[in-house]
Amino acid sequence: MNPAPRLSACGLVRRFGGVTALDQVSLDLPPGRITALTGHNGAGKSTLFRCLSGADRPDSGQVLLEGRDITHLPEYTRARLGLARTFQQIAVFPGLSVADNLRVGAEQAGRRGGLEADFAVARTLRLLRLEHLADRHASGLPTDTLRLVELGRALSAEPGVLLLDEPGAGLDRAESERLAELLTALAADGLAVLLVEHDRELVDRIADRVLTMSAGRIFPAPSNGAADDA
């Protein structure tokens, strides 16, 4: 028996003038599974992410989190309900320490400091092996470390659903291997993951299901990866 999806998109439509960016898109993200979404630039992947995260609203259709309609809820409310995301362009606070960047994620989940936030930050630092950088400012850190800091900020919210927008960008082979191991472990622990990623090798290694977007619609990805020029 398949588990109920943590996050569902149901018939999402999003238009920008005469362009239909999302055309009746439906998608289920079950717990404990990594779903990869690939496709050419302009296929609709970013628009889907924005509609799922709350940065944008669909013209029609629904977004459900644990069966609850969150279509019209803002991003911060979705974060408190267990939905976290990262960005294609690294989005960290350069003037804050690594630990304080993670604390932002904990606070977005509704933790107003105190021991609960401390525990979430410490747990995430250990998980990502960033304890030695806890007090370092994010400014000046290398790209691979900043990717981990951004991921850590999302994980400090202890989400049930994680949306990852090209987390492997800028990573070398060893760093990509580490990311693959981490995401596999997180999914094994019950997290529902949606991954948009250019690196087909990474996708093939960790994804339980691979889908592709084209002209605002979702299809099963071809086995040869021909459409995945993302």
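I started at glutamate 66, which sits in the loop between strand 4 and strand 5 (68–69). Helices (H or I, at least four residues) and strands (E, at least two) are DSSP runs here, numbered from the N terminus. This is a predicted model, where local features need pLDDT of at least 70, side-chain atom pairs count only at pLDDT 80 or more, and totals for chains, interfaces and linings use all residues. Residues are numbered from 1 along each chain as its sequence is written, and side-chain values use heavy atoms, with hydrogens and water left out.

**Entry 1: two glutamates with positive phi**

I looked up phi for glutamate 66 and got a value near 55°, positive in a residue other than glycine. Glutamate 66 is exposed, at 53% relative accessible area. My cut-offs: buried is under 20% relative accessible area, exposed is over 50%, and partly exposed is in between (1.4 Å probe, protein chains only).

Glutamate 166 also has a positive phi near 55°. I found glutamate 166 in the loop between strand 7 (161–165) and helix 6 (173–188). Is glutamate 166 buried or exposed? Glutamate 166 has a relative accessible area of 8%, so I put it down as buried.

**Entry 2: confidence**

I checked pLDDT next (the predictor's confidence in each residue, from 0 to 100). The protein chain has a mean of 89, and 94% of its residues reach 70 or more. Strand 4 (residues 60–65) has the highest confidence, at 97, and strand 10 (residues 217–220) the lowest, at a mean of 87. Over residues 224–230 the pLDDT is below 50, though the model still gives this stretch 18 contacts beyond near neighbours in sequence. A contact for me is heavy atoms within 4.5 Å.

**Entry 3: threonine 35**

Threonine 35 is in strand 3 (residues 34–39). Its relative accessibility is 2%, so threonine 35 counts as buried. Which side chain does the side chain of threonine 35 make a polar contact with? That partner is arginine 209, at 3.2 Å. The rule I used for a polar contact is a pair of N or O atoms within 3.5 Å; within protein, one must be able to donate a hydrogen and the other to accept it, and residues adjacent in sequence count only if both atoms are side-chain atoms. Leaving out residues up to four places away in sequence, I listed what threonine 35 touches: Leu27, Leu29, Val193, Leu194, Leu195, Arg209 and Leu211.

**Entry 4: phenylalanine 219**

I then went to strand 10, where phenylalanine 219 is found. Phenylalanine 219 counts as partly exposed, at 39% relative accessibility. Not counting residues up to four places away in sequence, phenylalanine 219 touches Leu211, Thr212 and Ser214. I also took the C-alpha separation between phenylalanine 219 and threonine 143: they are 76 residues apart along the chain and 32 Å apart.

**Entry 5: cysteines**

How many disulfides are there? The count is zero, with a disulfide taken as a pair of cysteine sulfur atoms within 2.5 Å. For cysteine 10, the nearest cysteine sulfur is that of cysteine 51, 13 Å away. Cysteine 10 is partly exposed, with a relative accessible area of 31%, whereas cysteine 51 is buried at 0%.

Glycine 105 is at 0% relative accessible area and touches Arg153, Ser156 and Ala157, residues up to four places away in sequence not counted. After helix 3 comes glycine 110, with a positive phi near 100°.

The largest pocket holds about 330 Å³ of space. The search ran on a 1 Å grid over the protein atoms alone; a pocket is an open set of points where a 1.4 Å probe fits, with protein on both sides within 12 Å along at least five of seven lines, and lining residues have an atom within 4 Å of a point. Grid points are joined across faces, edges and corners, and the volume is the space filled by probe spheres set on the points.

I counted 16 lining residues, and Ala79, Ala84, Arg85, Phe87 and Gln108 are the closest to the centre of the pocket. Helix 2 (75–80), strand 6 (83–85), helix 3 (98–108) and helix 5 (143–155) each supply at least two residues of the lining.
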